[in-house]
Amino acid sequence: MKKKKMKTPLFRIVKNDKMKISRTILIYIVIFVMMIITVSGLVLAMHFSPLKVAKTIIWGAFGKEFLIRETIKNAIPLVVISIGLSLAFKMKFWNIGGEGQVLIGGIACTFISFIMDDSVPQGIVLVLMAITSIVVAGIYGIIPALFKAKFNTNETILTLMLNYVAIQIVILLQNSKSWQDPTNSFPKIRMLSFSHRLPMVLGVHIGWILTIGIVILYYIYMNRTKHGFEVKIVGDSENTAKYAGINKTKVMVRTMFLSAALCGIAGYFQVAGADGTLSESTSGGMGFTAIMIAWMSEMNPIGIVAMSILIAVLNRGADNLQTVFLIPSSFADIMIGIMLLFMLVGKFLTKYKVVIIKGGAEK
């Protein structure tokens, strides 16, 4: 029986680990220029001046003191969720459930707020709210980890589906009279007591200080601790982890607890700090945006902070565009999409190369 002849491919894509730094910088400069040209062309097609639009975006994010505060407030949950997801991604566990884990954290802290009397000291209530958000969201994250470890289920699908479970729980609570404002029959969860909200520091809730601490702890955890080393080993090679005597299930469960707990803390910041209440829009798509931030920054803490601030600036600036030029705020999503597309191209060109296969004879 004759063997089937396999055509030799004309080219293949391989990793490029020897690219010079100067060439990498040059590629990103070219990519950045092309990105600016593309966005400018889109703005011109809408009959607006690119310079005026850029100025309006920057003003909308940094033009006044309260705008700066709002930009920082928008960046806080993006940083925290991205750090949380990065923990799982480092382990090659695809946690797509940030949205739901944020909501679960918000539900947990709201529950504590509602059952605590205003006579209880604010510090005690806020600490209990934070701990409950961490524990409940962490347990919610353990669920897909256990299924993955015991039954080898697809964690991407399971974490994604759990997002919708969390949303439905919020909808249920919105229609629960015990969670509603007694004076309002509209299906909406009532506001938290002012004594149960995060204190302000420099005009922004104290979550921004805690976020800086989380970023530092993430770096230390991943680069200076045994647990962080185990996460990297499990992510790099399961066989190596097994050879080194690392308990994969234990590492997976522990890491997913931390990953979801951080997302839960972001929900706590949103409910007790930014919004003062819980709703379906508490997560506001940030769980999905954080996936892109984590990947584009290569799970690097400095990159995560920079990307989060950039996206917060675009989102805040887009609101100003809508006011000044009547451009829909969704234009920010378009700009973010274009930016991410070009960054992906840049990442591909710096991390991989195309090898031409010579002598395309058939085998």
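At 60% relative accessibility, Asn 152 counts as exposed, where exposed means over 50% relative accessible area, buried under 20%, and partly exposed in between, with a 1.4 Å probe and protein chains only. Asn 152 is found in the loop between helix 5 (122–151) and helix 6 (155–174). Helices (H or I, at least four residues) and strands (E, at least two) are DSSP runs, numbered from the N terminus. Asn 152 is not a glycine, yet its phi is positive, about 55°. Most residues other than glycine have a negative phi, and most peptide bonds are trans.

The structure is a predicted model, in which local features need pLDDT of at least 70 and side-chain atom pairs count only at pLDDT 80 or more, while totals for chains, interfaces and linings use all residues. Residues are numbered from 1 along each chain as its sequence is written, and side-chain values use heavy atoms, with hydrogens and water left out. The predictor's confidence in each residue is given by pLDDT, from 0 to 100. Over the chain the mean pLDDT is 88, and 96% of the residues reach 70 or more. Where pLDDT is low, the predicted coordinates should not be read in detail.

The chain as a whole comes next. Its secondary structure comes to 13 helices and 4 strands. The C-alpha atoms fill a box of roughly 80 × 60 × 40 Å, taken along the principal axes. Of the 363 residues, 44% count as buried. A contact means heavy atoms within 4.5 Å. Among contacts between residues at least 6 apart in sequence, 79% join residues at least 24 apart.

Two pairs of residues give C-alpha distances across the chain. Gly 276 and Phe 194 are 82 residues apart in sequence and 8.2 Å apart in space, C-alpha to C-alpha. Gly 276 lies in the loop between helix 10 (248–275) and helix 11 (286–296), and it is buried because its relative accessible area is 2%. Leaving aside neighbours within four places in sequence, Gly 276 is in contact with Met 191, Leu 192, Arg 197, Gln 270 and Val 271. For Val 33 and Thr 323, the separation is 290 residues in sequence and 28 Å in space, again C-alpha to C-alpha. Val 33 has its place in helix 1 (residues 21–45) and, at 41% relative accessibility, counts as partly exposed.

The next topic is open space in the model. Rolling a probe the size of a water molecule over the atoms shows where empty space is left. On a 1 Å grid over the protein atoms alone, a cavity is a set of points where a 1.4 Å probe fits but cannot get out, and a pocket is an open set with protein on both sides within 12 Å along at least five of seven lines; lining residues have an atom within 4 Å of a point. Grid points are joined across faces, edges and corners, and a volume is the space filled by probe spheres set on the points.

The largest pocket holds about 550 Å³ of space. It is lined by 15 residues, and the closest to its centre are Lys 15, Lys 92, Trp 295, Glu 298 and Met 299. Helix 3 (65–90), helix 8 (226–236) and helix 13 (331–351) are the elements that give two or more residues to this lining. The largest share, 3 residues, comes from helix 13. By type, the lining divides into 5 nonpolar, 1 polar and 9 charged residues; Ala, Val, Leu, Ile, Met, Phe, Trp, Tyr, Cys and Pro count as nonpolar, Asp, Glu, Lys and Arg as charged, and the others, Gly among them, as polar.

Lys 92 is found in the loop between helix 3 and helix 4 (98–115). Its phi is near 65°, a positive value in a residue other than glycine. Lys 92 counts as partly exposed because its relative accessibility is 42%. Ser 86 lies in helix 3 and, at 0% relative accessibility, counts as buried. Apart from neighbours within four places in sequence, Ser 86 is in contact with Tyr 218, Ala 294, Met 299 and Ile 304.

Last come the cysteines. A disulfide is a covalent bond between the sulfur atoms of two cysteines; here it is taken as a pair of cysteine sulfur atoms within 2.5 Å. The structure holds 0 disulfides. Cys 109 is in no disulfide, and the nearest cysteine sulfur, that of Cys 263, is 14 Å away. Cys 109 counts as buried, at 0% relative accessibility. Cys 263 is likewise in no disulfide and counts as buried at 0% relative accessibility.
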